[in-house]
Amino acid sequence: MDKKKLTFLGVIITIGIIFGDIGTSVLYVMKSFVKNSDGALNEMLILGFVSLIFWVMTLQTTTKYVLIALRADNHGEGGVFSLFALIKNKTRKSVVLLAMLGGATLLADGIITPAITVTSAVEGLHDIFPKLETDDVIVMVLLIFIFIFSFQRFGTKKIGSLFGPIMSLWFLSLLFWGSRQILANPTILKALNPYYAYNLLVTQPGIFVLLGAVFLCVSGAEDLYVDLGHCGRKNVRMAWTLVKICLVANYFGQAAYLLSDKFDAGKNPFFAIVPDEFLVLQVLLATLAAIIASQSLITGSFTLISEAIKLNLFPKLIIKYPTELKGQVYVATVNIILFICSSSVVLFFRTSSNMEAAYGLSISITMFVTTILLSIYLFKIKNNKVASIIFLSFFGAEELLFLFANSLKFVNGGYITVIIALFIFTIMFIWHKGTEIKERESQYLTVDNYKKQLLQLSGDKSIPKYATNLVYLTGAKREEDVDYAVLYSILNKQPKRANVYFFVHINVLDKPYKREYKVTKYSDKKIFKITFNLGFREHQRINMFMHQVIADLLENKELDLQPTKYNLKGKVETVGDFRFVLINEVLGNNNGLSSFDTFIMSLRLKLKRITVTPEKWFGLDTSVTTKESVPLNVVQTKVKKLQRVY
């Protein structure tokens with residue numbers, strides 16, 4: 001699919017990939033409204049509430065995200081980390097804290113969303129089987145979770161083509177059942193007048209409680225931006241136009257039902273507007289839509305974690321690519337954690353009504369962070385200061401209002417997602433701050449100053465050959481430099497003789513997808529520095545990349561074949577053996593760091609030990625890999641000279 005072109009197939013696929021979360025909000029928004037109104041429903045209250053839904057969706061989703069945010073793309077990719085990558089070099093370093101906060105709260109929301117969505121869908125069975133117990137619903141939800149999370153490792157290529165048609169059928173059902181109720185009671189269309197929304201805001205005593213329920217209707221809006229790269233701006237905008245019509249029709253239809261004589265406070269308004277003979281099919285369709293919505297959020301979490309890792313905002317985890325589809329990743333550790341946490345949420349809250357209290361608080365923080373980052377983008381990148389101020393003032397004020405409304409849910413369950421978000425943020429902060437400290441304290445040496453020694457060592461046959469080709473990873477960004485620890489390892493620790501020395505540096509770009517390399521030659525055919533420029537969504541498979549680099553160097557006569565006396569094929573000329581040396585930093589006792597920096601670095605090193613090893617991350621063969629430990633900071637604190645006594 002060409003993401004830049006608007007096509008019918010592209011719109012259908014977009015509906016299946018992006019709109020699951022916001023499309024299943026109809027399952028619980030009006031139910032939450034009925035619950036929070038304390039039985040005091042009247043025409044003005046209902047008209048005001050559904051009017052708020054319409055205008056909040058129009059302002060928040062249509063205006064902010066579809067019309068404005070989708071323009072702030074990083075080479076076609078969207079989301080809080082892509083936005084951060086766009087602006088990080090144009091603003092203060094502290095903006096990274098906002099990006100981490102937005103990413104952490106979005107990931108926390110990804111835990112509660114599958115729980116409330118799937119539970120709300122399965123609870124529709126209560127209207128079919130009134131004697132169905134809550135425990136039965138929980139068991140069914142957990143079984144669905146087992147299916148959803150178990151399937152993630154295979155990717156969605158085979159069944160992904162079904163997502164669009166199923167979700168399209170889902171939205172058509174929303175349109176159909178909602179329209180039936182509107183035709184039966186067209187009075188509800190008065191709610192299109194913003195007066196009713198305004199009237200509710202200024203006259204309703206418990207408006208903040210109701211605003212928390214209203215916010216649920218736009219909880220999936222952030223996904224439109226995060227998943228931009230999968231579908232393209234034109235397809236997202238057209239798909240949203242169609243989806244919004246269906247959602248508005250269903251919300252208004254449910255509101256019309258609340259105004260009718262058939263209203264039953266004990267039923268979920270969503271399922272109540274469906275005739276009994278079609279209820280089983282609608283529950284089944286709702287469950288399928290909930291599964292698709294959950295699957296999209298889970299894969300979105302994988303993408304977020306993958307981006308955070310490449311931007312040095314999260315510890316390295318094993319990332320797999322289940323299909324050849326661009327951007328589709330699988331992170332087993334995240335999948336397990338999401339399964340455990342989402343299942344725990346279901347077991348803890350038991351019903352979707354109880355989960356509503358925990359829902360919305362974290363995503364309202366994410367939206368507010370996105371607003372700040374977008375205003376910085378307009379100010380710094382687009383150089384439109386007026387638009388930036390207006391955007392921040394309007395949407396910032398609106399989202400602060402929702403944030404306050406959702407904060408009232410804190411003691412009733414909102415603390416769950418806040419704790420999860422704070423935990424994720426803490427991990428991000430430790431890793432990022434630790435990386436900053438490491439880069440600050442690392443010392444680099446100019447290779448040219450040691451080239452003579454390296455060449456002498458390479459030709460010194462009195463020292464046993466360590467490897468034909470010796471490869472070190474270096475954090476030195478300047479072409480002429482390598483880490484002090486690297487040269488110390490080669491020359492001091494145990495002189496390592498090799499025919500060819502390679503120093504490899506990985507430079508992560510602000511662009512999502514890019515693969516290129518640059519060769520710096522310190523000595524003809526003997527000492528090289530290879531700099532890989534990789535997009536922040538690219539997998540850093542150094543072992544595979546080095547094979548291509550070696551082949552290119554051989555083809556260009558920049559590297560010689562090495563004669564091999566013993567080989568399965570007899571005496572032949574090959575490129576020779578390779579040995580990768582990985583420097584493992586440790587904290588020395590006298591490292592010269594402040595107490596805070598020492599504390600952060602110790603935590604970072606602990607995180608590093610329990611996450612993926614460098615060999616697995618870079619795709620290196622462990623049989624040709626050596627690890628060496630060196631102190632993080634070679635500059636030791638000054639110690640008073642000892643005095644000899646006699």
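**Figure 1. Left-handed crossing of α21 and α22 in the predicted model**. The close-up shows helix α21, residues 451-459, against helix α22, residues 484-493. Their axes come within 11 Å and cross at roughly 45°. On the α21 side the contact is made by Gln453, Leu454 and Leu457, and on the α22 side by Leu487, Ile490 and Leu491.

**Figure 2. Right-handed crossing of α6 and α16**. Helix α16 covers residues 332-349, and its axis comes within 8 Å of that of α6. The crossing angle is roughly 50°, which makes α6 oblique to α16. From α6, the residues Gly110, Ile111, Ile112, Pro114, Ala115 and Thr119 take part in the contact. They meet Leu338, Cys341, Ser342, Val345 and Val346 of α16. By class, the contact of α6 with α16 holds eight nonpolar and three polar residues, and no charged ones.

**Figure 3. Left-handed crossing of α4 and α19**. Helix α4 spans residues 43-68 and helix α19 spans residues 385-407. The axes come within 12 Å, with a crossing angle of roughly 135°. α4 and α19 are therefore oblique, because roughly antiparallel applies to angles over 145 degrees and roughly perpendicular to angles of 65 to 115. In α4, the contact residues are Val56, Leu59, Gln60, Thr63, Lys64 and Ile68. Facing them in α19 are Phe391, Phe394, Phe395, Glu398, Glu399 and Phe402. The contact of α4 with α19 is made up of seven nonpolar, two polar and three charged residues.

**Figure 4. The largest cavity and the residues closest to its centre**. A search of the whole structure gives one cavity of 30 Å³ or more. The volume of the largest cavity is about 130 Å³. Its lining comprises 16 residues, of which Asp223, Ser296, Leu297, Gly300 and Ser301 are the closest to the centre. Sorted by class, the lining has eight nonpolar, five polar and three charged residues.

**Figure 5. Helices that contribute to the lining of the largest cavity**. At least two lining residues come from each of α1 (8-18), α2 (20-23), α6 (95-122), α11 (221-226) and α15 (279-310). The most is given by α15, with six residues. Helix α6, one of the contributors to this lining, is also the helix that crosses α16 in a right-handed sense.

Note on methods
Residues numbered from 1 in each chain as written. Predicted model: local features only at pLDDT ≥ 70, side-chain atom pairs only at ≥ 80, totals over all residues. Heavy atoms only, no water. 1 Å grid on protein atoms, 1.4 Å probe; cavity = no way out; pocket = protein on both sides within 12 Å on 5 of 7 lines; lining within 4 Å. Points joined across faces, edges and corners; volume = space filled by probe spheres on them. Helix = DSSP H or I, 4+ residues; strand = E, 2+ residues; numbered from the N terminus. Nonpolar A, V, L, I, M, F, W, Y, C, P; charged D, E, K, R; others polar. Axes fitted to C-alpha atoms, helices over the stretch in contact; angles between N-to-C directions. Parallel < 35°, antiparallel > 145°, perpendicular 65-115°, else oblique. Left-handed = near helix turned anticlockwise from the far one by under 90°. Contact = heavy atoms within 4.5 Å.
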